[in-house]
Amino acid sequence: MEELIREAEKVLPVSFEAAEEYEKHKDLMLNFVNTKMSKRKDIFSLIGGNSLQMMFDNHRHHVNFMINVFKFSMFELLVRMVPWVYRSYHNHGFTYDYFLVELETWKKAIKKFLSKPSSDEIMKTYDWLIEKHEKMIDLSKDEAVFTIKLEGEWEEKKNQFLYYILEGDFEKALKFTKKIVKRPEDLQDFYLNIIQPALYDVGNLWEQGKISVAEEHLATSIVGRIIANLYLLFSKTQKSKLKAIVTATPNEFHELGCRMVADFLEMDGWDVLYLGANVPEEELINIVKKTKPKLLAISVTMPFNITKAQRIIESLKTLGDHVPKIMVGGIAFNLMPDLYKKIGADFWAKDAKEAVEVARKIKTL
């Protein structure tokens, strides 16, 4: 994989103008690809009998992800993500041939809607992906997953909690939680050693085709209810006058990571405004203007939402003296630790514990 990354970073970068034109015409290209693919006689064979909507979602994620790849030269992330996409969709019934057909259809859309100079630049990436198709299949068969290595009895405890949330048993999950979390000091260990690795496992099980989307959503919703119950167990920490806003980007529906960050910051004395997921950019900018926080923490799980974080940061930079310090986090940034600099953020934290450490530094600025 490292050799592929070096090759991609050397031969695939495109100009700013080509990246901008690709983004400008994304909806036209997306509609073209959806229409062409859905009219194929063999489409349900290619997508393994899944719904067309599942394919359409993949196409939408694809074009938004590629916008990020081109604008920020994220070719390392491209090489790391393509095998994951192959593995995830193939485990849910999509054939490997589907990806070749899809890429060829994107090429037709690019040629149809982009100018020749931009098309020639962008096409290099699609031709390269087609050329590396068999290699991507091989890499996709490597069952590398996002996991957190746990020590001592935490692995056993995490697995027990995972069993309850996959079974959809909120009562047993809550009872189990209360046995472990008896003091405010226990909360951080529970979040980092049980909730976070359990959620990674849930995501991995979906990727491997072992649980459905509905089962994934059920497990995640139970964790959200557990966190809400834990919040009520403890009296509020004495707050400072320093405000922090914690949110996820527009179109980002993975909110438990930023919820944990919000709770950790509040326990550390911050006056936290937790906005949750999918907050419209304009509304976020307005509340920043109104409340003037010292810190804004933005969570991005899905790589195709990175440009949305960048747009928020660019808008905030125009506020003059009221610009908060901006910290980003989430899997998208964990895969490329220097990415936060490219989008204009001030800091990056790999998890909720590190977010608190970064926030303590920000207090002194």
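A: Helices (H or I, at least four residues) and strands (E, at least two) are DSSP runs, numbered from the N terminus. The model is predicted, so local features need pLDDT of at least 70 and side-chain atom pairs pLDDT 80 or more, while totals for chains, interfaces and linings use all residues. Residues are numbered from 1 along each chain as its sequence is written, and side-chain values use heavy atoms, without hydrogens or water.

Q: Which hand does the crossing of α6 and α8 have, and at roughly what angle do the axes cross?

A: The crossing of α6 and α8 is right-handed. The axes of α6 (residues 75–91) and α8 (residues 116–131) cross at roughly 35° and come within 13 Å. Axes here are lines fitted to C-alpha atoms, for helices over the stretch in contact, with angles from 0 to 180 degrees between N-to-C directions.

Q: Which residues make that contact?

A: Helix α6 supplies Phe 75, Leu 78, Val 79 and Val 82, and α8 supplies Thr 125, Trp 128 and Leu 129; contact means heavy atoms within 4.5 Å. Six of these residues are nonpolar, one is polar and none is charged. In that count Ala, Val, Leu, Ile, Met, Phe, Trp, Tyr, Cys and Pro are nonpolar, Asp, Glu, Lys and Arg charged, and the others, Gly among them, polar.

Q: Changing topic: what is the strand order in the sheet?

A: It is an open sheet of five strands, ordered β2-β1-β3-β4-β5, with parallel pairing. Two strands pair if DSSP finds at least two bridges between them.

Q: Which strands stand at the edges?

A: β2 (271–276) and β5 (347–348) do; each has a single partner strand, so one side of each has no neighbour in the sheet.

Q: Why is β4 largely enclosed by the rest of the structure?

A: Four of the five residues of β4 are buried, so the strand is largely enclosed. Buried means under 20% relative accessible area, exposed over 50%, and partly exposed in between (1.4 Å probe, protein chains only).

Q: How many salt bridges does a search of the whole structure find?

A: The search finds 21, counting a side-chain nitrogen of Lys or Arg within 4 Å of a carboxyl oxygen of Asp or Glu. One of them joins Glu 76 and Arg 80 at 3.1 Å, N to O; both residues lie in α6, four residues apart, about one turn of the helix. Arg 80 is partly exposed, at 27% relative accessibility.

Q: Where do Arg 259 and Asp 263 lie?

A: Both are in helix α14 (residues 256–267), four residues apart, and their side chains meet in a salt bridge of 3.5 Å, N to O. Asp 263 counts as buried, at 7% relative accessibility. Elsewhere, salt bridges with shared partners join Glu 20, Glu 23, Lys 71 and Arg 311 into one network.

Q: What is the phi of Ser 73?

A: Ser 73 has a positive phi of about 50°, although it is not a glycine. Most residues other than glycine have a negative phi. Ser 73 is in the loop between α5 (52–72) and α6.

Methods:
A crossing is left-handed if the near helix is turned anticlockwise from the far one by less than a right angle, and right-handed if clockwise.
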